[in-house]
Amino acid sequence: MNICVFLSAADLPETYTRPAREFAELLGKGGHTLVWGGSDVGLMKVVADGVQEAGGRLTGVSVGFLAAKARPGVDDMVIAKDLAERKALLLEKADAVVILVGGTGTLDEATEILELKKHGHTTKPVVLLNTAGFYDGLREQFRRMEDEGFLPVPLADLVFFAEEPVGALAYLEESLGVR
């Protein structure tokens, strides 16, 4: 599978890096390809290192103003002209999406894929890896949106919340009939 991972490029504590690395190693050992923002810093580097060291492939999609932080030695790297093109290319190259911890950029990417699913423009599975309860508040907000009629499709059809990396990958493999 080509798995797009949306995540932070920040340097984060072990609370967040350990599960991200564990997920990355599962991806690599499974022979999957990481499709990510192409950065070689912070959590993005942790995940790319884990995938590559475990035997997986790397497909990066960076953007012009971040090209200096792009990871060298990847299997495939594309430099997009802007963030909108970057998101489109990330989704185009992916069979599935996993959202790890991140800031406003990660949240932007996450809500865009969910909006596309809501309107039937993609059927790719989406997993939100809720490391250390990071997305508990977002899950509650999504539930409220569903309960109050803001989501025309069930929340469970849009996103799967996984508490552990192994559950995230298992959901993707089952959704796509892999293994």
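Me: Let's start with A132. Is A132 buried or exposed?

Reply: A132 counts as exposed, because its relative accessibility is 58%. Buried means under 20% relative accessible area, exposed over 50%, and partly exposed in between, using a 1.4 Å probe and protein chains only. Keep in mind that this is a predicted model, where local features need pLDDT of at least 70 and side-chain atom pairs count only at pLDDT 80 or more, while totals for chains, interfaces and linings use all residues. Residues are numbered from 1 along each chain as its sequence is written, and side-chain values use heavy atoms, with hydrogens and water left out.

Me: Got it. Where is A132 found?

Reply: In the loop between strand 6 (126–129) and helix 5 (136–147). Helices (H or I, at least four residues) and strands (E, at least two) are DSSP runs, numbered from the N terminus.

Me: And what is phi of A132 near?

Reply: Near 55°, which is a positive value in a residue other than glycine. Most residues other than glycine have a negative phi.

Me: Which residues is V127 in contact with?

Reply: Leaving aside neighbours within four places in sequence, the contacts of V127 include V97, V98, I99, F160 and Y171. Contact means heavy atoms within 4.5 Å.

Me: F160 and Y171, okay. How far apart are the centres of their rings?

Reply: The ring centres of F160 and Y171 are 4.2 Å apart and the planes are at 5°, so the pair is stacked. Rings of Phe, Tyr and Trp (its six-membered ring) pair if their centres lie within 6.5 Å; planes under 30 degrees apart count as stacked, over 60 as edge-to-face and the rest as tilted. This pair links distant parts of the chain, with F160 in strand 7 (residues 160–162) and Y171 in helix 7 (residues 165–176), 11 residues apart. F160 is partly exposed at 31% relative accessible area, and Y171 is partly exposed at 24%.

Me: How many aromatic pairs does the structure hold?

Reply: Three. One of them is F134 with Y135: their ring centres are 4.8 Å apart and the planes are at 90°, so that pair is edge-to-face. F134 is partly exposed at 35% relative accessible area, whereas Y135 counts as buried at 5%. Ring pairs also link Y16 with F134 and Y135 into a cluster.

Me: New topic: helix packing. At what angle do helix 1 and helix 2 pack?

Reply: Helix 1 (residues 14–29) and helix 2 (residues 42–53) pack at about 30°, with their axes 7 Å apart. That makes the two roughly parallel. Axes are lines fitted to C-alpha atoms, for helices over the stretch in contact, and angles run from 0 to 180 degrees between N-to-C directions. Angles under 35 degrees count as roughly parallel, over 145 as roughly antiparallel, 65 to 115 as roughly perpendicular and the rest as oblique.

Me: Is the crossing of helix 1 and helix 2 left-handed or right-handed?

Reply: Right-handed. A crossing is right-handed if the near helix is turned clockwise from the far one by less than a right angle, and left-handed if anticlockwise. Among the residues making the contact are Y16, R21 and E25 of helix 1 and V46, D49 and G50 of helix 2. By class, the contact has eight nonpolar, three polar and four charged residues. Ala, Val, Leu, Ile, Met, Phe, Trp, Tyr, Cys and Pro count as nonpolar, Asp, Glu, Lys and Arg as charged, and the others, Gly among them, as polar.

Me: What does D49 touch?

Reply: R21 and R71, not counting residues up to four places away in sequence. D49 counts as buried, at 15% relative accessibility.

Me: Last one: how do helix 1 and helix 7 cross?

Reply: Their axes come within 9 Å and cross at roughly 35°, and the crossing is right-handed. The contact includes F23 and L26 of helix 1 and V166 and L169 of helix 7. By class, this contact has eight nonpolar, no polar and one charged residues.
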